[in-house]
Amino acid sequence: MDNKKEILLMRHISKKYPGVQALDDVSFSLLTGEIHALVGANGAGKSTLVGILSGARDKDEGQIFIDGEEVCIENPLSAIELGIGYVPQELILCNDLSVAENIFLNRQPHKKAPVSIIDVNTMYREAEKVLSLLGIEIDVRAPVGNFSASTQQMVALGMALSRNAKIMILDEPSASLSKKEIESLFKVMLRLRDAGHALIYISHRLEEVFEIADRLTVLRDGRSLGTYWVKDVNREMLVNLITGKQLTSETNSRILDKDIATKLSVRNLTIPGKLNDISFDVRRGEVLGLFGQVGSGRTEVLRAIFGLENIESGEFYMDGNPYNAKSPGTAIANEIGFLTEDRKHQGLVLNLDITDNFLIGFWDVVKKWFVIDEKKEDVVVQDKMSSLQIKASNTAQEVGSLSGGNQQKVVLGKWLIRNSKILLLDEPTKGIDVGAKSEFYRIIKELAGNDITIILVSSELPEIMTLCDRVLVMRDGAVTGEFIVPEASEKTILEKAL
Ligand SMILES: Nc1ncnc2c1ncn2[C@@H]1O[C@H](COP(=O)(O)OP(=O)(O)O)[C@@H](O)[C@H]1O
Ligand SMILES: [Mg+2]
């Protein structure tokens, strides 16, 4: 590290939001030519720290030095001018503008004579060049909103890349990327590192931290627990630093009774271009995993069951009777609940409180003679809050201010209040920290123990192994394998997915 110099020093940074000390006297040092992971549970203060560095948020106290000189980062523009590139956790792309226009937002190349006009051909060419560095080839003229979340993430990265920043901040970029996309992202990160850039990488996935980072800094409850060389820490130590708890991740060993009745049957489900002749049964209280790469058709299976897809052919049976999945309304009437991958946009209304999110569109349960019975409402809501152990000051707290894990529990609570007997869970622990994850696992196991049927889509094999009784492996819209989890190995399952 002798030839590496400190490009950034953040000293004694503190930041308070109403009621929360988000950062408490945190110091952070970054070297040229290093990938520095910032790890910590949800709410530890990671996004706040990099938000301050990128000018997106103000600090209350502390100093920032770049190349040894104190700087004042007043707003995102001054951060950009200081050579700081930022890919935020919540993307802020303009959906109606083209990919290229997003990458070159506010700084499109211009033709000089006779009047200054935007040189679109140069812009398209440059945008293609930047994206090819990331290993993706897409139509840069198409609106960004047309592309998947993972492609949009790559575009956001392209934006920072094209500004050639000395310091690059990536706040949980991998949360919406497939394995392949993460691999190309890592390649780009290593190339940037070797060229002398300094990278701050935030991720919940410890495997990624071990794979890519040179050093790491742990935050917990707004305090820094120190910086380590990655080679000097192991997984267990890191988990303990982050949570203070042990991680529960033994392979599921539950053996389901042979004669438990089938809850839902799917027969010959076909959606042109998405799913090809899918058939399976899932039993009462069973946890069935759908494992495969992003794009293998897992989400479409859930969407079809929930009445969100145009099905070309195929039938569903619920408790042995035909079930016509024609709309989400029908699905809900048949006691099906759906936790979408994108809970912020599809599952929750962030600026409403917990009570409203629980009961939205479903006030009947707490009505008496057409008016809301507040006592009953309070009982229903309190009961779910305590059984799911939702951590909030009270039922009137805005859902947007809860941590990811607690937001996820609110979505679950919403479906349980609707009496769901089948829960469709799409990547339910994506973006929540290890502590909240083990708690979520406990809840899923409890629900299954209470006869609720669960279909779980996950890209994380350890999660499938921990939670599921059985797993269907998908690839290119078809089922390529089926395993009883307690009898299968990770390797045999993985092979079917590749
Ligand atoms: N805009 C905000 N208003 C109020 N509280 C906030 C705001 N942003 C973050 N917080 C709180 O500050 C703490 C740190 O949050 P954050 O930096 O987002 O953590 P992380 O990125 O590590 O999950 C959390 O308790 C969070 O609820
Ligand atoms: Mg964050």
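## Ligand shell and helix faces in a predicted model

Ser 98 counts as buried because its relative accessibility is 4%, where buried means under 20% relative accessible area, exposed over 50% and partly exposed in between, with a 1.4 Å probe and protein chains only. This residue is found in the loop between β6 (84-87) and α3 (99-103), helices (H or I, at least four residues) and strands (E, at least two) being DSSP runs numbered from the N terminus. Ser 98 and Val 239 are 141 residues apart in sequence and 41 Å apart in space, C-alpha to C-alpha.

The model is predicted, so local features need pLDDT of at least 70 and side-chain atom pairs count only at pLDDT 80 or more, whereas totals for chains, interfaces and linings use all residues. Residues are numbered from 1 along each chain as its sequence is written, chains are lettered from A and ligands numbered from 1 in the order in which they are written, and side-chain values use heavy atoms, with hydrogens and water left out.

Around ligand 1 there are 13 residues, of which Gly 43, Gly 45, Lys 46, Ser 47 and Thr 48 come nearest; a residue is near a molecule if one of its heavy atoms lies within 4 Å of it. The shell has 5 nonpolar, 6 polar and 2 charged residues. Both β2 (20-31) and α1 (46-53) supply at least two residues of the shell, and α1 gives the most, with 3 residues. The table lists polar contacts, that is, pairs of N or O atoms within 3.5 Å.

| Residue and atom | Atom of ligand 1 | Distance |
|---|---|---|
| Ala 44, polar backbone atom | oxygen | 3.2 Å |
| Ser 47, backbone N or O atom | oxygen | 2.8 Å |
| Arg 57, polar side-chain atom | nitrogen | 3.3 Å |

Helix α13 (residues 374-387) has 14 residues and reaches 20 Å from its first C-alpha to its last, close to the 20 Å expected at 1.5 Å a residue, the expected span being 1.5 Å times one less than the number of residues. Within α13, Glu 377, Val 380, Val 381, Lys 384 and Met 385 are buried. Seen down the axis of α13, these buried residues fall within an arc of 125°, so they line one face of the helix; the arc is that of the directions from the helix axis to the C-beta atoms. Lys 375, Val 379 and Ser 386 are exposed on the other side of α13.

In helix α9 (residues 298-305), the buried residues are Arg 298, Val 301, Leu 302, Ala 304 and Ile 305. They fall within an arc of 160° seen down the axis of α9, and therefore line one face of the helix. Gly 307, whose phi is positive, near 80°, follows α9.

Conventions
A polar contact is a pair of N or O atoms within 3.5 Å; within protein, one must be able to donate a hydrogen and the other to accept it, and residues adjacent in sequence count only if both atoms are side-chain atoms. Ala, Val, Leu, Ile, Met, Phe, Trp, Tyr, Cys and Pro count as nonpolar, Asp, Glu, Lys and Arg as charged, and the others, Gly among them, as polar.
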